[in-house]
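I opened my notebook beside the structure and went through it piece by piece. Here is what I looked up, in the order I followed it.

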Amino acid sequence: MRELGRAEEALESCEQAVRFAPADATARYERGLIFFLLHRYSNAVADFAATTRACPDDANAFFNCARALQELGHLEEALAVYDRAAALDPANAGIQHNRA
């Protein structure tokens, strides 16, 4: 439960960062990670998708977006996003493992 409290605190900090600079891809990515940890996958997808639009070569953003899509049960869409992540970083074992 303590970790959940820390995630909620981190989310509050990220919310402030995004309000201050809504186009900041790093703030959106970090908030997406926290949303994922909190099982708020739709919110995570939105932030990771915003990150991929701002940083189309960011394999980690695509990877995490795919993970959130997978958690939501959007398997075909997740697979396509995993493919994009794998194309950007073919040596990343985590991408290959989750894609399989």
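**Helix 4 against helix 5**

I began with the contact list: in helix 4, Ala 59, Phe 62, Phe 63, Cys 65, Ala 66, Arg 67, Leu 69 and Gln 70 meet Leu 75, Glu 77, Ala 78, Val 81, Tyr 82, Arg 84, Ala 85 and Leu 88 of helix 5. A reminder to myself that this is a predicted model.

Next I checked the geometry of this pair. The axes of helix 4 and helix 5 (residues 75-88) come within 8 Å and cross at roughly 160°. An angle over 145 degrees counts as roughly antiparallel, and helix 4 and helix 5 are therefore roughly antiparallel to each other. I noted their crossing as left-handed.

Is Ala 78 buried or exposed? Its relative accessibility is 2%, so I put Ala 78 down as buried. Leaving out residues up to four places away in sequence, Ala 78 touches Ala 66, Leu 69 and Gln 70. I also looked up a C-alpha distance: Ala 78 and Asn 64 are 14 residues apart along the chain, and their C-alpha atoms are separated by 9.7 Å.

**Helix 4 on its own**

I compared the length of helix 4 with what its residue count predicts. Its 13 residues should span 18 Å at 1.5 Å a residue, and the end C-alpha atoms are 18 Å apart, so the two agree.

Which residues of helix 4 are buried? My list reads Ala 59, Ala 61, Phe 62, Phe 63, Asn 64, Cys 65, Ala 66, Ala 68 and Leu 69. These buried residues pack against helix 2, helix 3, helix 5 and helix 6 (93-99).

**Helix 2 against helix 4**

From there I turned to helix 2. Its axis and that of helix 4 come within 11 Å and cross at roughly 30°. Angles under 35 degrees count as roughly parallel, and helix 2 and helix 4 are therefore roughly parallel to each other. This crossing is left-handed. Tyr 29, Leu 33 and Phe 36 make the contact from helix 2, with Asn 60, Ala 61, Asn 64, Arg 67, Ala 68 and Glu 71 from helix 4.

**Helix 2 against helix 3**

How do helix 2 and helix 3 run, parallel or antiparallel? I found that their axes come within 8 Å and cross at roughly 155°. Helix 2 and helix 3 are therefore roughly antiparallel to each other. Helix 2 passes helix 3 in a left-handed crossing. The helix 2 side of the contact includes Ala 25, Arg 28, Tyr 29 and Phe 36, and the helix 3 side includes Tyr 41, Ala 44, Phe 48 and Thr 51.

I also stopped at the loop between helix 2 and helix 3, where His 39 sits. Its phi is near 65°, a positive value in a residue other than glycine. Most residues other than glycine have a negative phi. His 39 has 57% relative accessibility, so I marked it exposed.

**Helix 3 and Thr 51**

Helix 3 (residues 41-54) has 14 residues and reaches 20 Å from first C-alpha to last, close to the 20 Å expected at 1.5 Å a residue. Its buried residues are Tyr 41, Ala 44, Val 45, Asp 47, Phe 48, Ala 49, Ala 50, Thr 51 and Thr 52. Among the elements covering them are helix 2 (25-37) and helix 4 (59-71).

At 1% relative accessibility, Thr 51 counts as buried. Not counting residues up to four places away in sequence, Thr 51 touches Ala 25, Arg 28, Tyr 29, Asp 58 and Ala 61. The C-alpha atoms of Thr 51 and Ala 61 are separated by 6.4 Å, with the two residues 10 apart along the chain.

**The cysteines**

Last, I asked how many disulfides there are. With a cut-off of 2.5 Å between cysteine sulfur atoms, the count comes to 0. The sulfur of Cys 55 is 13 Å from the closest cysteine sulfur, that of Cys 65, and this is too far for a bond. Cys 65 is likewise in no disulfide. On accessibility, Cys 55 is partly exposed at 28%, whereas Cys 65 is buried at 6%.

Notes
Residues numbered from 1 in each chain as written. Predicted model: local features only at pLDDT ≥ 70, side-chain atom pairs only at ≥ 80, totals over all residues. Heavy atoms only, no water. Buried < 20%, exposed > 50% of the residue type's maximum accessible area, 1.4 Å probe, protein only. Helix = DSSP H or I, 4+ residues; strand = E, 2+ residues; numbered from the N terminus. Expected span 1.5 Å × (residues − 1). Contact = heavy atoms within 4.5 Å. Axes fitted to C-alpha atoms, helices over the stretch in contact; angles between N-to-C directions. Parallel < 35°, antiparallel > 145°, perpendicular 65-115°, else oblique. Left-handed = near helix turned anticlockwise from the far one by under 90°.
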